Each structure stands twice: as structure tokens, then as C-alpha cells.
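Me: Hi! I'd like to go through this model with you before I set anything up. Could you take a look?

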Amino acid sequence: MRSYKFEEFTSTIERNIIEGIFKPGHKLPSIRELKEQYKTSTSTIQNGYEHLIIKGLVQSIPKSGYYVSNKLTRPQQSKQTKNTPVIRDAVFENNLNLITSINPGSKLSEFNVAAPGSLIIPQKLLLRTMQQVIRAQGVGLLKYYPSNGSPSLREHISIKAATYQTAINPAELIITDGALQALYIALASVCTAGDIIAIESPCVFSVLEVIRVLKLRVIEIPIDCYTGLDIAYLKKACSGNPIKAILVTPNFQNPTGILLTDIQKKELLQIAQHYNIAIIENDIYGDLNFSGYRPSTIKSFDESGMVITYSSYSKTLSPGIRLGWLSTGKFFQQAEQIKFSLGSTVSPIYQETVNKLIQTGSYDRHVHKLRMQLAKNAYHTLNLLSTSYPDDTIVFSPAGGYNIWAKLSDRIDINTFYNECEHIGVRFTPGHTFSFSNTYSRFFRIVFADQLSPKRIEALKQLGQMLK
Ligand SMILES: Cc1ncc(COP(=O)(O)O)c(C=O)c1O
């Protein structure tokens with residue numbers, strides 16, 4: 001087929017217009033720019049643009065330049081039909097929609113996203129601290145930081161962990177892009193595809209997805225919503241299977257809000273040590289106790305190095321900060337290599353901001369207020385559920401964290417329930433997303449990490465009336 005010289009550049013522009021990447025009104029490169037880029041003559045570029053104008057894709061505006069036509073004569077193909085095959089596991093896609101806010105400006109009352117609401121994020125504190133850090137450190141923040149993270153930040157995280165009796169050596173601490181990346185590194189350090197791990201059941205969807213991506217097999221250990229992880233079941237599972245790691249959230253587990261006692265933590269550790277199994281401990285909600293002391297960690301009882309603990313500031317400060325950490329224990333070398341392969345370092349601005357907040361005590365003061373606020377939210381939400389919902393709805397009261405786990409009575413049709421939620425504009429996280437075995441279809445999770453505005457209260461009440 002004969003081709004014209006100008007097609008070298010027109011084909012790229014044409015493809016971008018057809019795929020909707022260049023929208024109507026988008027200003028296209030000038031003749032001079034294209035001449036330089038393609039090392040060709042003015043007339044070739046002009047011919048090319050004329051060709052696109054004839055095709056109805058481009059319009060020329062005198063003294064201004066070339067633009068994507070506002071009256072595209074051919075229908076635009078969707079991005080996904082050409083060049084970009086988007087193949088997604090339907091289960092993943094469906095669950096992703098259910099647990100994340102689809103539309104940030106949504107009019108829905110969302111109780112499904114485990115993230116601090118806009119009024120709960122300490123915006124002023126974060127922005128002010130960021131500005132101070134930028135002013136003080138300038139260009140230093142625009143360079144590579146050590147792959148494992150700022151030494152000073154690692155030291156301050158260790159000092160802070162010591163206040164809840166958790167001994168972390170800063171040299172085995174790695175700063176990560178949030179808790180989920182820390183989990184990925186931890187699992188990949190201990191296991192390879194096909195290995196078996198023990199996980200809590202129910203377990204949050206994002207954690208299940210990391211397990212799925214790493215192609216691990218799981219044994220689901222049930223959680224009793226009143227007494228915690230079924231330790232006897234875990235023992236049996238460990239004695240009969242080559243389990244490589246036990247993945248647990250001992251403090252305010254998501255979604256049950258359960259807090260394991262120190263005795264349970266020690267029992268769990270004993271089992272793991274007996275069978276030489278690593279423990280991967282998620283402490284993301286550990287700072288968010290509603291009463292009493294900040295709970296201990298399993299790591300605080302361990303001397304073997306077989307306990308890996310991770311956390312992040314997504315729940316206590318803001319998820320956009322993308323800053324977490326991983327205390328790697330014995331698995332430092334593997335973890336360090338995996339972290340490096342995932343992209344050198346977390347943004348220095350975020351690292352220095354969090355470092356300053358911890359050092360100055362601002363983090364502790366903020367968390368103190370946040371815990372009170374969350375405890376109030378939890379109390380009001382539980383109150384609403386117990387007064388507005390049918391008596392046979394079972395609601396589990398959390399000891400800390402963000403989440404309430406609830407079970408609908410057998411007489412309520414689940415599909416009708418979710419249809420009604422959609423109709424009223426309330427969104428919860430459906431229980432079936434919390435296991436691979438679809439055990440929790442009658443359950444749902446309510447996140448209370450946002451202000452209970454009159455509109456949100458009304459939506460919850462309305463749903464309760466409907467159920468009654
Ligand atoms: C148990 C658990 N792990 C990990 C995450 C994700 O945390 P991050 O945003 O720090 O990656 C969440 C929050 O959704 C969570 O609840």
C-alpha cells in the first residue's frame with residue numbers, strides 16, 4: 001500500500017484522536033514543533049494536517065493553530081477496543097467496585113471504604129508539616145533516598161514501637177508504600193507460589209488479592225467474633241500441613257474489630273515456633289484502641305526473629321501519604337531485595353513529614369483525638385443499628401479500629417437487601433468479599449471512619465425501617 005511521508009506523524013495523531021486520548025478542542029503540535037521532531041519540511045506537515053482536516057478529525061483556527069475537531073464525524077472507539085486489552089478477573093473487578101468509592105463526588109452514603117473520611121484526615125496538620133519540611137530541606141527532598149527508607153524515620157518508628165514493648169531494630173526496618181506493599185514483601189520473602197499459608201477468616205479483600213497474585217494456597221482459620229482466632233483450629237492446621245506462614249491481625253482485626261489478648265498472642269507464637277512457621281502480623285489498626293492502653297504486638301513476645309510485623313499511616317493520618325513499614329526480623333535480606341525491585345524509595349516528602357510528626361509528638365496528639373472520635377462514631381453507629389434494625393440482626397462491637405461486622409437474619413433475602421441499599425443510597429461492603437470460600441454471604445461490614453452527618457444517619461435509619 002502506498003504511504004505518504006506525512007503519515008509518519010498523522011498516524012500517531014489520528015490514533016490518539018480515535019482512541020479518545022486527544023479530546024475535541026485539544027491543541028495539536030505546531031508546524032514548527034513537528035518539523036523539528038520529524039526532521040521534515042513545512043509543506044509535508046501542512047499536507048498532513050490538511051489530510052486530517054479532510055478526514056474531519058482536525059480543524060485549523062487562523063492565527064492560533066490546529067485543534068482536534070469539535071465535530072468529530074466518526075464515532076470514537078472506546079479506549080479498550082484497540083491497543084489496550086483490559087482483561088480483568090470478574091471477581092476482582094466486582095470486589096474492587098464494592099470496596100472502593102466509585103465516584104469521589106458520590107451522593108451515596110458510603111460505609112464501605114476503610115479510609116478516614118475527609119473531616120477525619122488531619123488536613124491542616126499534614127499540609128502545614130509538609131510545607132515546613134519542604135522549606136527546611138528543599139532540593140534534598142527531590143533526590144533518591146535509601147531504598148529501605150530514611151534512617152532517621154526508621155529510628156523514630158523503632159523508638160515509638162518501644163512504647164508498646166515492641167523491640168524493632170531500625171536496621172531490619174523497611175519503609176514501604178503503605179501496608180499492602182509491606183504485606184506483599186513479607187509474603188514474597190517467606191513463600192513461593194504454591195505454598196500454603198494460614199489466614200484469618202473473615203479476611204479483608206485487599207489482603208486476599210495479594211495472596212492470589214502471589215499464587216499462594218490458604219487454610220482459612222475461623223475467627224469467633226466474641227473470643228477471637230480459633231487457636232485450636234490453627235494448631236490442628238499446623239500439625240497436619242506444611243504451612244509456611246500465619247497471617248494475622250491481632251489488634252482490631254478488619255472486619256471483626258477483635259482484639260486478641262496477650263495470652264492468645266503468646267499461644268499463637270508458641271504454635272508458630274513449635275512448627276517453625278513465620279508469623280506475618282498486620283498492626284495497621286494497633287494505634288486505634290478505644291480504651292485502655294495501646295495493645296502489644298506478637299512481635300513483642302518474640303525473640304526468634306520469625307515474626308514479621310507491618311503497619312502504615314493510612315488509617316491514622318491519610319491513605320494518600322502512602323507510607324508504611326515492615327519489620328522484617330530474620331527475613332531482612334529477602335525483603336530488602338524485593339523492596340528494591342519494587343522501586344527504590346517512598347517519596348522523601350512523605351517520609352520527612354511523618355518523621356517530623358512522630359518526633360514532635362504531633363502524631364501522638366492527633367491519634368489521641370482520633371481514637372476518641374472513632375470510639376464515638378462506633379458507639380453512635382452501634383446505637384443506630386441496635387435501635388433501627390430488626391432485633392435478629394447480629395452486630396459485633398469492635399474494640400478499636402474502623403469496622404463493624406454485622407450479620408443479617410436468615411429471613412432477609414440478601415439480594416433484596418443490597419438492592420434496597422442501592423435504592424436508598426447506602427453502600428456497605430458485602431460479606432462474601434471476605435473469604436475465598438464465600439462463607440459470609442449473610443454478613444456485611446460497616447466502616448465508621450467518617451463523620452455521621454444527618455444525611456448518613458437518615459440513610460442508615462431508612463434501611464433499618466425497610467428491613468423491619
Ligand atoms: C487489614 C488491612 N491491610 C491493609 C490495608 C491497606 O493499607 P495501605 O493503604 O496502607 O496499603 C487495609 C486498608 O484497607 C487493611 O484494612
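This is a predicted model: local features need pLDDT of at least 70, side-chain atom pairs count only at pLDDT 80 or more; totals for chains, interfaces and linings use all residues.

Me: How many residues from domain 2 and from domain 3 does the contact take?
Reply: The contact takes 26 residues from domain 2 and 26 residues from domain 3. On the domain 2 side, helix 13 and strand 13 each supply at least two residues. Helix 13 gives the largest share of that side, with six residues.

Me: What classes of residue are on the side of domain 2 that touches domain 3?
Reply: By class, that side of domain 2 has 17 nonpolar, seven polar and two charged residues.

Me: Nice. In what order do the strands of that open sheet come?
Reply: Four strands form the open sheet, in the order 12-13-16-15, and their pairing is antiparallel. Strand 12 (394–396) and strand 15 (429–430) are at the edges; each has a single partner strand, so one side of each has no neighbour in the sheet.

Me: How many bridges join strand 12 to strand 13?
Reply: Three bridges join strand 12 to strand 13, residues 403–407, and the two run antiparallel. Within that pair, Val395 stands opposite Ala406 in strand 13.

Me: Switching to the ligand. Which residues come nearest?
Reply: Of the 15 residues around the ligand, the nearest are Gly178, Ala179, Leu180, Ser312 and Ser314.

Me: And which helices supply at least two residues of the shell?
Reply: Helix 7 (178–190) and helix 8 (205–213) each do. The largest share of the shell, three residues, comes from helix 7.

Me: I'm thinking about charges there. How many charged residues does the shell around the ligand have?
Reply: The shell has no charged residues. By class, seven of its residues are nonpolar and eight are polar.

Me: Good to know. Now the backbone: where are there cis peptide bonds?
Reply: One joins Ser201 and Pro202, with omega about 5°. Another joins Asn254 and Pro255, where omega is about 20°. For context, most peptide bonds are trans.

Me: Which loops do those prolines lie in?
Reply: Pro202 lies in the loop between strand 5 (196–201) and helix 8. Pro255 lies in the loop between strand 8 (243–248) and helix 10 (262–274).

Me: What about positive phi at residues that aren't glycine?
Reply: Lys39 has a positive phi of about 50°, and Gln165 has one of about 60°. Most residues other than glycine have a negative phi.

Me: Is Lys39 buried or exposed?
Reply: Lys39 is exposed, because it has 8 other C-beta atoms within 10 Å and the cut-off for exposed is 12 or fewer. Lys39 lies in the loop between helix 2 (31–38) and helix 3 (42–54).

Me: Then what does Gln165 count as?
Reply: Gln165 counts as partly exposed, with 14 C-beta neighbours inside 10 Å. Gln165 lies in the loop between helix 6 (151–162) and strand 4 (173–176).

Notes: Residues are numbered from 1 along each chain as its sequence is written. Two strands pair if DSSP finds at least two bridges between them. Two residues are in contact if their C-beta atoms, placed from the backbone, lie within 7 Å. Ala, Val, Leu, Ile, Met, Phe, Trp, Tyr, Cys and Pro count as nonpolar, Asp, Glu, Lys and Arg as charged, and the others, Gly among them, as polar. A residue is near a molecule or strand if its C-beta atom, placed from the backbone, lies within 6 Å of it. A residue is buried if 20 or more other C-beta atoms lie within 10 Å of its own, exposed if 12 or fewer, and partly exposed in between; C-beta atoms are placed from the backbone.
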